[in-house]
Amino acid sequence: MKPDPRYLLGKPVRDRILSEVQSMTGAAGRIGKLVSISIGDIPEVAVYVRNQARAAALAGLPFDQEFWGGEVGQDECKARIQAMNDDPDVLGIILQRPVPDHINVRSLQSAIHPLKDVEGMNPASIGNIVYNDVAMAPCTAAAAVELIRETGLDMKGLEVVMVGHSEIVGKPAAMMLMAEGATVTVCHHLTRSVAMHSRRADVIVVAVGKAHLIGPDMVKPGAAVIDIGINQRIHPDGSTDIVGDVDTEAVKEIAGWVTPVPGGVGPVTVAMLMRNAMRAYQRQQAAGWRT
């Protein structure tokens, strides 16, 4: 069965990016390894790690997994990360989330050296985006921008409405789009009428974690809709499924493009992590860390 052309699928974009990264790793010297850190026994983290390991293998990047017990303290975590910062065999550090309640995740993200911050979560990495330096941007925000680019829409003057203003998705995505020449309106929980803004948008990007927030009455005909939300829906019979922040089936009758959940932004996010890793390698070379 031929796929619906209105679905903006992540897999072809992921495959293209991983192929580009693989061509770079093949030509590179001693790259070093990506290190994934999981703290405590949190089941959902295993899915992220598995997907990252698979993408790293396809991209030709060495990938190590470290599992730290849930009893490990904040200071010990920070000391271990600082040792990785100093280790020339470590290319980049991935801090899996969520973490146990006693761990301050923002403090640990700040402890990762900006040149090894392949997730783009260090405040310095996010701050660089204000100055249009997006080389090490947060992966989900970068994936959203990449999928908009995939539509072929001209970014210059594009009317974009960003629904959600989190520090790791909404705000950096908005700044990255402005760097591309788009006109961006950011909506959040205090916005009086999200629909008033979204109905005039060429592109809607939504990341709030509220199932089916965006319906067809909120979308301009032909617009691109990028759905970053992941929500578990529980049915009366006890079964569950995963849905986004967009009522995909209804919206695709109006929109020109819509990303499915799952299968849209997620695969591209993992690919962006690998692209960031190669950019980290290039920046470490420029800093004299690698030959």
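Visitor: In which helix is A56 found?

Guide: A56 is found in helix α2, which covers residues 43-59. Before we go on, this is a predicted model, where local features need pLDDT of at least 70, side-chain atom pairs count only at pLDDT 80 or more, and totals for chains, interfaces and linings use all residues. Residues are numbered from 1 along each chain as its sequence is written, and side-chain values use heavy atoms, with hydrogens and water left out.

Visitor: Why is A56 called buried?

Guide: Buried means under 20% relative accessible area, exposed means over 50%, and partly exposed is in between, using a 1.4 Å probe and protein chains only. A56 has 0%, so it is buried.

Visitor: What does A56 touch, not counting residues up to four places away in sequence?

Guide: A56 touches L61, F63 and M274, where contact means heavy atoms within 4.5 Å. There's also V270, which is 214 residues away from A56 along the chain, and yet their C-alpha atoms are separated by 9.0 Å.

Visitor: Let's move to the sheet. What is the order of its strands?

Guide: The order is β5-β4-β6-β7-β10, in an open sheet of 5 strands with parallel pairing. β5 (183-187) and β10 (257-258) stand at the edges with a single partner strand each, so one side of each has no neighbour in the sheet. In general, strands of a sheet pair through backbone hydrogen bonds, either parallel or antiparallel.

Visitor: How do you know that β4 and β5 pair?

Guide: Two strands pair if DSSP finds at least two bridges between them. β4 (residues 159-163) and β5 have 5 bridges in the parallel sense, so they pass. As an example, M162 has V186 in β5 as its bridge partner.

Visitor: What makes D4 and R6 a salt bridge?

Guide: A salt bridge is a side-chain nitrogen of Lys or Arg within 4 Å of a carboxyl oxygen of Asp or Glu. For D4 and R6 the N to O distance is 2.8 Å, so the pair counts. The background is that side chains of opposite charge can pair when their charged atoms come close.

Visitor: How many salt bridges does the structure hold?

Guide: It holds 23. R16, E20, E146, R149, E150, E180 and R275 are linked in a network of salt bridges.

Visitor: What is omega for the cis peptide bond that joins R97 and P98?

Guide: Omega is about 5 degrees there. P98 sits in the loop between β3 (90-95) and α4 (105-111). The peptide bond from V261 to P262 is cis too, with omega near -5 degrees, and P262 is in the loop between β10 and α10 (265-286).

Visitor: What is the phi of H212, which is not a glycine?

Guide: H212 has a positive phi of about 55 degrees. Its place is the loop between β6 (203-206) and β7 (224-227), and at 33% relative accessibility H212 is partly exposed.

Visitor: Last one: what separates the centres of domain 1 and domain 2?

Guide: 28 Å, taken over C-alpha atoms. Domain 1 is 22-114 and domain 2 is 139-266, with bounds that come from an automatic or database domain assignment.

Note on methods. Helices (H or I, at least four residues) and strands (E, at least two) are DSSP runs, numbered from the N terminus.
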